[in-house]
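This report goes through one protein model, from the overall layout to a few single residues.

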Amino acid sequence: MKRAIPVVVLSIAGLVPVWLYQPSAGSSTVQATAPAPSSTSSGSAGSSGGNVVTSSTITTEKGPVQLQVTFDGTKITAVKMLQQPDHPQTEAAVPKLVAETLQAQSADIDTVSGATITSEGYKESLQAAIDAKG
């Protein structure tokens, strides 16, 4: 019994840094952007390209998420985060989410590990923008 208390205390003391650890965004940051359309129009409603939709703001536990999605016809050509939670994991997840969106051309994308809440808010906001474009 005399050894049990120090073992428990030292075990907890050893786990505290693990619980408090926040991984950094990493040394290499990749910005995922879509190539700009070859002919840029003024964005008028009558033109077929460059339709920009701003989604509604999705409130998550970590903070608000709002997107601006650019469409060329039905194709998603760019996604810009207008509002995002101020967190290192979110900042690292955004380029991955945007890249997956441009590849999948839908809101049916994978959740980024470590930024689950933001990923879910992103997908909900993206789907709202796609529905608004509808």
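The sections below cover the basis of the model, the fold, the strand pairing, and selected sites.

## Basis of the model

This is a predicted model, in which local features need pLDDT of at least 70 and side-chain atom pairs count only at pLDDT 80 or more, while totals for chains, interfaces and linings use all residues. Residues are numbered from 1 along each chain as its sequence is written, and side-chain values use heavy atoms, with hydrogens and water left out.

## Overall layout

The protein has 3 helices and 4 strands, arranged along the sequence as α-β-β-β-β-α-α. Helices (H or I, at least four residues) and strands (E, at least two) are DSSP runs, numbered from the N terminus.

Of the 134 residues, 29% are buried; buried means under 20% relative accessible area, exposed over 50%, and partly exposed in between (1.4 Å probe, protein chains only). Accessible areas come from the Shrake-Rupley method with a 1.4 Å probe; for residues, only the protein chains shown count as cover. Among contacts with a separation of 6 or more, 43% are between residues 24 or more positions apart, where contact means heavy atoms within 4.5 Å.

## Strand pairing

Strand S3 pairs in the antiparallel sense with S1 (residues 51-54) over 4 bridges, with S2 over 2 bridges, and with S4 (residues 75-83) over 7 bridges. Two strands pair if DSSP finds at least two bridges between them. Asn 51 stands opposite Phe 71 in S3, Thr 59 stands opposite Pro 64 in S3, and Gln 68 has Lys 80 in S4 as its bridge partner.

Two hairpins each contain a glycine with positive phi. The S2-S3 hairpin has 4 residues between the strands, and Gly 63 there takes a phi near 145°. The S3-S4 hairpin has 2 residues between the strands, with Gly 73 at a phi near 70°.

## The loop at Thr 60

Thr 60 lies in the loop between S2 (58-59) and S3 (64-72). Thr 60 counts as buried because its relative accessible area is 15%. A polar atom of the Thr 60 side chain lies 2.5 Å from the backbone oxygen of Gly 63. Leaving aside neighbours within four places in sequence, Thr 60 is in contact with Val 65, Pro 85, Ile 117 and Gly 121.

Leu 15 is in helix H1 (residues 4-20) and is partly exposed, with a relative accessible area of 41%. Leu 15 belongs to a nonpolar surface patch with Val 8, Ile 12, Val 16, Val 18, Trp 19 and Leu 20, which together have about 710 Å² of accessible area. Patches are made of residues with over 30% relative accessible area and no salt bridge; like charges are joined within 9 Å, and nonpolar side chains (Val, Leu, Ile, Met, Phe, Trp, Tyr) within 5 Å. A salt bridge is a side-chain nitrogen of Lys or Arg within 4 Å of a carboxyl oxygen of Asp or Glu.

## The loop at Gly 114

Gly 114 is found between helix H2 (88-104) and helix H3 (116-133), in the loop. At 42% relative accessibility, this residue is partly exposed. Gly 114 and Ala 93 are 21 residues apart in sequence, and their C-alpha atoms are 8.3 Å apart in space.

Definitions and conventions. A polar contact is a pair of N or O atoms within 3.5 Å; within protein, one must be able to donate a hydrogen and the other to accept it, and residues adjacent in sequence count only if both atoms are side-chain atoms.
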